Amino acid sequence: MTSQNPLLDIADWKTRPGPRGIPSVCSAHPLVIEAAMLRALREGQHLLIEATCNQVNQDGGYTGMTPSDFRTFVEQIAAKTGFPVDRLILGGDHLGPNPWKNLAAEEAMAKAVAMIEAYAKAGFIKLHLDTSMGCLGEPVALPDALTAERAATLAAAAEQAIAGMSGPKPVYIIGTEVPIPGGAMEELDVLEVTKPAAALETVSIHRQAFERAGATDAFSRAIGVVVQPGVEFGNQNVIAYDPPAARALSAALTEIPGFVFEAHSTDYQTEDALTTLVSDGFAILKVGPGLTFALREALYGLDRIAAFLYPGKRSESLIEVTERVLSQEPKNWEKYYHGPAEEQRLQRHFSYSDRIRYYWPHPQIDAAVRSLFATLEGVEIPETLISQYLQASYPRVRQGVTKPFAHDLAIASVDAVLEIYFSACKL
C-alpha cells in the first residue's frame with residue numbers, strides 16, 4: 001500500500017490529466033461492491049467505498065460488522081473480482097455520536113471516540129467527522145463551535161489510535177448537512193443551498209478547534225467540506241442540481257485552497273448534473289440508495305422471469321417474501337413512509353429513499369434471493385424476457401456486453417448507475 005493517501009491532493013486533480021473527482025460508493029451490499037470493483041477495474045481507477053456510523057461500528061451496527069470486519073468483507077470481494085487492494089480506499093461516513101444520541105453527550109461522545117478509533121485502526125483513510133447532532137437534553141442541532149470542538153476531539157482520537165502504524169494517514173471531511181444518516185424523513189420540494197459564508201466559517205472554526213485540540217497535523221489533511229449544493233431526493237421525487245443556484249458556493253472554494261466540496265445524496269441525478277457538480281468543485285459524489293434501487297429493480301425483474309419460466313418451482317416469490325417481512329418488521333421504514341396503506345405498500349418497495357436496502361441481509365429475504373439465483377443458475381435468459389423485465393440491461397445484452405445470466409444482469413443493473421458516476425468524474 002502506498003504511503004501517501006491518494007485523496008490527499010484531490011483539490012489539485014483539476015490541474016492535471018485524469019479524474020477530476022471520485023464517486024463514493026456508500027453500500028454494504030456484496031453485489032453493489034462487486035459491481036463497483038468491476039467498474040473501477042475497467043476504468044483503471046481507485047475505488048472509494050464508505051460505511052456509515054449506523055451501518056458499521058464497534059458494536060456491529062445494523063450490518064453486524066465492526067470496521068475490521070467490514071474491511072475483511074470488502075477485501076474478500078476484492079479477491080473474488082481481482083481488484084487490487086492498494087487501489088481500495090475505505091471511508092467512514094457521519095462518524096460521531098449519532099448512533100448513541102439518545103445518551104448524555106459525555107457518554108455518546110465516548111462511544112463515538114471508540115468508534116473512530118476502530119475505524120482508524122482498521123485502515124479507513126477517509127473519515128467524515130459529523131458531530132452536529134444534539135444528544136440527550138441538547139438541541140437537535142448544535143452550535144458550530146461545539147460541533148467543531150467535538151469533531152476535533154474525534155480527529156485527535158483517530159490520530160492517537162494510529163500513532164506508530166504504517167500506511168497512509170487519513171484525510172478528514174468536516175461539516176454536515178441535513179438529512180441525518182439514513183435519509184430524509186419528509187417529502188422535499190426545495191432546498192436551500194449552503195451559503196458561501198457558512199462554508200468558509202465551517203473551515204475556519206474547525207481549524208481553530210483542531211489547533212486547540214493539538215490536532216493541527218490532522219487538519220493539514222482536511223480535504224473536504226460537506227455542503228448542500230441543492231441536490232436531494234425524497235420518497236417520490238428528485239431535486240435536480242441547479243448550477244446557477246450554487247455558483248456563489250462553488251466560487252467560495254477559491255478562498256479555501258486545498259479543499260473540495262463533498263456532495264451527499266447525489267443519487268438519481270443525471271450524468272450531465274453529476275458532471276457539472278464535479279466541474280463546480282463538488283469533487284466527492286456520494287451515492288448509495290441509487291445503487292441498491294437499481295439492484296432491487298434487477299432482482300424484482302429476475303423474480304418475474306423466474307416465475308414465468310418455472311411456475312410453481314418456488315413456494316413464494318422474492319417480492320412476496322419481501323412484502324411479508326417488511327410488513328411484519330416495519331422499524332426501518334415506518335418513520336419515513338406515510339399515508340394510507342396502499343401508499344405505504346408502494347413506498348416499501350419502490351421509494352427513491354430505498355429503505356428496503358436495510359432488509360437484504362434479513363435471513364428470510366436473503367434466503368429468497370439465494371433461491372431466486374439457484375432457480376436461474378446456468379439459465380440463459382431469453383432476450384425477449386430481458387426486454388420485458390430488465391429493459392435497462394437489454395441494450396447491453398444485445399450488444400454482447402452483458403451475458404444473459406442472472407448474476408451478470410444484476411451486476412449490469414448496478415453498473416449502469418456506476419458508469420455515469422465514473423464518467424462524470426472524468427470531465
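Ser265 is located in the loop that joins strand E9 (260-263) to helix H8 (271-279); helices (H or I, at least four residues) and strands (E, at least two) are DSSP runs, numbered from the N terminus. The structure is a predicted model, in which local features need pLDDT of at least 70 and side-chain atom pairs count only at pLDDT 80 or more, while totals for chains, interfaces and linings use all residues. Residues are numbered from 1 along each chain as its sequence is written, and side-chain values use heavy atoms, with hydrogens and water left out.

Most residues other than glycine have a negative phi. Ser265, which is not a glycine, has a positive phi near 55°. With a relative accessible area of 14%, Ser265 is buried (buried means under 20% relative accessible area, exposed over 50%, and partly exposed in between, with a 1.4 Å probe and protein chains only). A positive phi, of about 55°, is also found at His94, again not a glycine. This histidine, His94, belongs to strand E3 (residues 88-95), and its relative accessibility of 5% places His94 among the buried residues.

The cysteines were examined next. The structure contains 0 disulfides, a disulfide being a pair of cysteine sulfur atoms within 2.5 Å. For Cys135, which takes part in no disulfide, the nearest cysteine sulfur is that of Cys53, 12 Å away. Cys425 is likewise in no disulfide, and the nearest cysteine sulfur to it, that of Cys26, lies 13 Å away. Cys135 is buried at 4% relative accessibility, and Cys425 is buried with a relative accessible area of 3%.
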